[in-house]
Amino acid sequence: MLKNYLKTAFRNLVKNKFYSSINIIGLAAGLATCMLILLYVLDELSYDKYNKNAARIFRVNNEVQFGENHFDMAVSPALLGTTMVKDFPEVEQYTRLRWYGGLRVKKGNENLQEERVAYADSSLFDVFTLPVIAGNPKTALVEPHSLVITEKVAKKYFNTTDVVGRTMLINDTGNYKITAVIENIPTQSHFNFDIFAPMIEDPGSKDDNWLSENWNTYILLRKNADVAKLEPQLNGFMEKYTGPMLKSVVNQGMDEFKKSGGYIKASLTPLTDIHLHSNKMAEIDGNGSAQFVYIFSAIAVLILLIACVNFINLSTARSSSRAKEVGVRKVLGSLKKNLVAQFLTESLLISLIALVFALLIAWLLIPYFNQLTGKQINTRILFQSMMLLSLVGLIIVVGLFAGSYPAFFLSAFQPIDVLKGKLAGGFKRSWLRNSLVVFQFSISIILIFGTVVIYNQLNYIHTKDIGYDRNKVLIINNTSALGEQAATFRNELLQVSGVQNATMSGYLPVNYYRSNDAFFTSPILDQKTAISMQNWFVDEKYVPTLGIKVLEGRNFSPEFQTDSNAIVINEAAAKFLATKDILNKKLYNIQNISLKKLNEWHVIGIIKNFNFSSLRDVIMPLALKLGKDNGNISVRINAANTNAVLEQIKNKWQSMAASQPFNYSFMDEDFNRLYTTEQRTGKIFITFAVLAILIASLGLFGLITYAVEQRVKEIGIRKVLGASVGNIAGMLSKDFLKLVLISSIISFPVAWWAMHKWLQDFAYRVSISWWVFVVAGLLALFIALATISFQAIKAAMANPVKSLRTE
């Protein structure tokens with residue numbers, strides 16, 4: 001019997017090549033898209049799960065509220081981890097990470113730059129699963145001037161991993177001993193460093209100032225520990241250790257501080273939640289978004305549903321073609337269950353053929369998909385046994401789902417009605433088919449709407465006034481290699497034709513890992529004005545070079561010797577201080593860990609707010625101090641020929657530091673890199689949205705084609721009676737266009753709600769204007785018209801003699 005079902009199903013596919021092709025192409029495209037999205041989602045969900053103790057590892061976060069200032073941070077005080085081990089028996093171990101920044105490594109006669117370097121505690125290997133190829137993990141990060149490097153770095157400099165005990169010349173200042181080589185950290189990790197230096201080399205690693213948060217701290221809980229009981233205790237824990245500090249800084253006890261609306265809290269984020277569910281200040285790297293994973297998963301399901309709807313619509317629309325077959329079969333003794341089995345077999349056969357094509361399409365597209373997403377998905381994963389079994393299971397579900405309604409619909413025809421030509425429910429009167437078309441185009445309009453909003457937000461990121469001019473600013477990296485000559489180099493650059501200005505500071509708005517927060521207070525002002533600010537050291541050229549506007553007061557100047565104790569604050573800090581005539585007022589910040597001595601600063605200027613973090617975050621208070629930081633030199637170029645100026649700068653570099661690599665970037669490119677995740681996500685969304693719309697259009701094309709076939713004689717008669725091409729095309733199109741209008745009414749509220757919710761992640765965002773609704777609706781109408789018009793006009797222009805010759 002099964003053989004007969006398959007043979008009959010195959011004959012029907014061959015007999016109706018056009019409609020079979022539409023079904024197979026639609027399903028194959030839908031399945032291939034689902035596979036790619038599934039691979040993307042699985043990759044996103046796998047982050048940090050390579051750690052054997054992943055379920056017991058948590059990152060400790062800090063959240064601080066001071067007056068109107070709110071800080072939700074992924075970093076903690078230096079001593080938090082060791083204190084938690086002492087105070088909480090549930091905590092087995094802790095470790096900390098902190099960006100080291102770039103360093104130069106000697107290889108032969110040249111220095112190579114390594115950017116992904118971090119300070120780490122010696123307990124790093126007790127918490128994280130980082131397989132050691134060579135060396136002792138227990139002692140690898142104990143001694144100063146030692147390094148742990150990855151397999152990739154070892155082969156880059158030594159062409160072997162057997163390098164424990166050998167040294168690397170770092171920054172031309174000293175030899176560092178390699179104490180361990182580890183396997184390359186998996187791509188699916190929320191941190192991906194190539195070199196680890198001992199935390200004891202970080203000058204602030206033993207800082208007992210509990211109001212300074214600069215370290216990513218992770219704890220490993222004991223096997224039977226209850227995190228639900230531990231976490232509520234953390235707020236009291238933080239109050240215990242920050243209370244004495246508050247008394248010294250703001251002259252308030254903890255109770256008084258809390259009554260004024262302030263708080264200092266701690267919370268735990270499970271390690272495996274960091275990548276998708278954490279978007280705090282001072283994240284180690286840019287994380288993903290759970291929201292996008294949900295959106296893409298929904299798109300995958302919707303695309304598959306669209307492909308299934310195509311199958312259902314075309315099968316039921318062609319019911320009259322199969323009606324006589326059903327009638328004859330029933331007269332000859334076929335039972336309903338046999339007919340259902342026959343039609344389900346056809347559905348499953350189409351689905352299986354589509355799966356083969358889908359696998360081929362996905363296999364061919366994975367390299368391009370990797371480029372689009374920045375992933376490293378291997379094509380072999382498609383052909384792993386578990387993946388194939390899952391896909392076959394999915395195909396069976398899809399085949400049964402898509403084929404069940406047509407099967408039961410067709411098998412329910414009464415033979416006497418069919419053979420008398422009394423087939424009920426013509427093409428135009430199928431409420432289910434119309435509902436399914438509305439469903440398809442509702443999804444398409446939602447995706448069009450989402451695409452327009454995402455494009456607008458990404459465009460807004462690139463065009464928004466961010467408070468500084470990032471165009472034509474050359475950043476020369478790691479100028480610390482010049483040592484004391486860095487300032488001389490900067491001054492020489494000012495003499496280069498085409499150089500408008502130059503500043504020396506490693507604190508740049510595009511260096512997301514340069515974080516240096518400090519608490520300031522002023523007894524002259526209201527007691528609430530203890531404020532946590534980013535504390536950046538710059539020179540007098542910083543503000544003009546970056547094009548930052550001075551709103552009040554002045555910038556630093558070498559003419560004022562008192563500027564060594566001067567401070568320039570941004571609008572956010574001035575707003576928090578909330579006092580008139582802030583200029584020349586004094587602020588104090590902690591000078592040493594005992595809090596017995598405060599540094600005094602006087603405010604000389606207020607600058608316009610500029611974004612020095614992600615546009616997802618509100619601009620926070622910032623303090624600029626006059627100080628020496630030779631990490632980078634930024635050069636503003638005002639010449640038309642940027643390359644010629646760049647060549648002159650490079651020559652000056654080589655004349656002063658021939659053995660050092662000349663590494664540079666442009667500030668606008670670095671800014672764009674900060675939003676790589678958003679840009680990639682936007683491109684992925686747009687790509688999948690276009691695919692969904694194409695699959696929906698494919699089904700609509702099949703429906704209009706069949707509608708024309710059903711009404712060919714009607715069209716012929718209307719033409720004989722004088723109907724124009726426009727009348728005929730309009731008659732065939734209006735029913736479908738009505739469905740598109742209904743889809744718009746249904747989809748607009750859903751689309752607005754979804755995109756409004758997505759935009760809430762950005763502190764600075766576009767508004768959803770009325771024209772977005774118009775554009776989405778018109779595009780949907782255009783797509784429907786473009787799909788329908790070809791067949792409608794073709795039918796309207798056909799010679800009526802051919803369709804009526806048998807009458």
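Arg116 is partly exposed, at 24% relative accessibility (buried means under 20% relative accessible area, exposed over 50%, partly exposed in between, with a 1.4 Å probe and protein chains only). Its side chain meets that of Asp285 in a salt bridge, 2.3 Å from N to O (a side-chain nitrogen of Lys or Arg within 4 Å of a carboxyl oxygen of Asp or Glu). This is a predicted model: local features need pLDDT of at least 70, side-chain atom pairs count only at pLDDT 80 or more, and totals for chains, interfaces and linings use all residues. Residues are numbered from 1 along each chain as its sequence is written, and side-chain values use heavy atoms, without hydrogens and water.

**Salt bridges**
- The count comes to 21 salt bridges.
- Asp285 is buried, with a relative accessible area of 17%.
- Glu92 and Arg56 pair through their side chains at 3.4 Å, N to O. They sit 36 residues apart, Glu92 in strand E4 (residues 91–99) and Arg56 in the loop between H2 and E1 (helices, H or I of at least four residues, and strands, E of at least two, are DSSP runs numbered from the N terminus).
- Glu92 is partly exposed at 35% relative accessibility, whereas Arg56 is buried at 15%.
- Glu151 bridges to Lys155, with the closest N and O atoms 3.2 Å apart. Both lie in helix H5 (residues 151–158), 4 residues apart, about one turn of the helix.
- Asp43, Glu44 and Lys375 are linked in a salt-bridge network.

**Asn51**
- Asn51 lies in the loop between helix H2 (17–45) and strand E1 (57–66).
- Asn51 is buried, at 3% relative accessibility.
- Beyond its neighbours within four places in sequence, Asn51 is in contact with Ile57, Phe128, Thr129 and Leu271 (contact means heavy atoms within 4.5 Å).

**Open sheet and its helices**
- An open sheet has 4 strands in the order E16-E24-E15-E25, with antiparallel pairing (two strands pair if DSSP finds at least two bridges between them).
- Strands E16 (499–504) and E25 (664–666) are at the edges; each has a single partner strand, so one side of each is left without a neighbour in the sheet.
- E16 is joined to strand E24 (residues 632–637) by 5 bridges. Asn501 stands opposite Arg636 in E24.
- In helix H16 (residues 486–493), Ala486, Phe489, Arg490 and Leu493 are buried. Seen down the axis of H16, its buried residues fall within an arc of 100°, so they line one face of the helix (the arc is that of the directions from the helix axis to the C-beta atoms).
- These buried residues of H16 pack against E15, E16, E24 and H19.
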